[in-house]
Amino acid sequence: RSCAAGQYIINPNEDECQDCPVGASCNGKDLTGPPSSVWEADLMLGYHVLVSCPQGFGVVNTTSDGVFEPRLQECVPCGQGTECTTSSCQVCSLCQPGHYKSFAGTAACEECPRDTYREAPGATELAQCITCPAESDTRELTAQVSLASCHCQELYYAFRPSDGALLCHKCPLGAVCEDGVSLGTRGGLAAVWGFFAQDTTPGRKWLKSCPVGYRMENSTGYELQECQ
C-alpha cells in the first residue's frame, strides 16, 4: 500500500504511514533527504532516523524538552559561534579559541585578525577578539589564543605585572629595546644592563648608575634616561 503525499512507509505490509520529517521530502512511499545527509531505517519502529548531515550542518531531532521526535528531524546550518568542518556532521562545535563566527550558516569559523586574540571558545562576533595592548602586536600572526601572543613593538620593552597584563613602555634614550621584551644598552656596553633597575610601581626601568667615565642623566623622565 501507499501513503498520502507528505508521508512515507518503510514496510507497506506491516508498518503504519509516517509523517515526513521537516528536513526531508516524501512521495507517499519513500523518504528523500537533502544531498549528503544519511538516513537509516529503524525497522522495529517503522520510521527513518537522520544519522548525519553534510558539512556545516547539525542534526536537529528533538522537541524543546529534548524528546526525540521523528517529524522534527532536519539538517540545520550551524549557528553563531559554532561550526562543523568534517564531511559528515552530527553536532556543531563551538568555534575554537582564536576564532569567531558572527552568523548562522555552513561556513567555518573565521580567524581572529592579527594583533588580536581570543582565549575562550564560541566567539559570536569579531568584537570578542581582544585587541592587543597599546604598542604591542602579534607579529602579523592571526588566530591567536592568549595575551602571551602579544609582543611589544620595536623601541618598546615589556612589563607584565602580577595580574598578567601587558604594559609596553618606550625605550629610554640611553638604551636599546630591539626585541620588544628586554631592555639592553647602547654601544655594546652589556655591563650597563644591571644599572637599569625595575621601578615596580609604574613598571618602568629606572637608570640607577653608569659605568666609569659616564654621567647619569635620569632627572627628566623615564624616556630620556641615558649615560652621557
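A search of the whole structure finds 4 salt bridges, a salt bridge being a side-chain nitrogen of Lys or Arg within 4 Å of a carboxyl oxygen of Asp or Glu. Side chains of opposite charge can pair when their charged atoms come close. The structure is a predicted model, in which local features need pLDDT of at least 70 and side-chain atom pairs count only at pLDDT 80 or more, while totals for chains, interfaces and linings use all residues. Residues are numbered from 1 along each chain as its sequence is written, and side-chain values use heavy atoms, with hydrogens and water left out.

Another salt bridge brings together the side chains of R114 and E140, at 3.9 Å from N to O. This pair links distant parts of the chain, 26 residues apart, with R114 in the loop between β12 (110-111) and β13 (116-117) and E140 in the loop between β15 (136-137) and β16 (151-152); such strands are DSSP runs (E, at least two residues), numbered from the N terminus. R114 is partly exposed at 47% relative accessible area, whereas E140, at 62%, counts as exposed.

The side chains of D137 and R139 also meet in a salt bridge, at 3.0 Å from N to O. Here D137 is buried, with a relative accessible area of 17%, while R139 is partly exposed at 38%.

Terms used
Helices (H or I, at least four residues) and strands (E, at least two) are DSSP runs, numbered from the N terminus. Buried means under 20% relative accessible area, exposed over 50%, partly exposed in between (1.4 Å probe, protein chains only).
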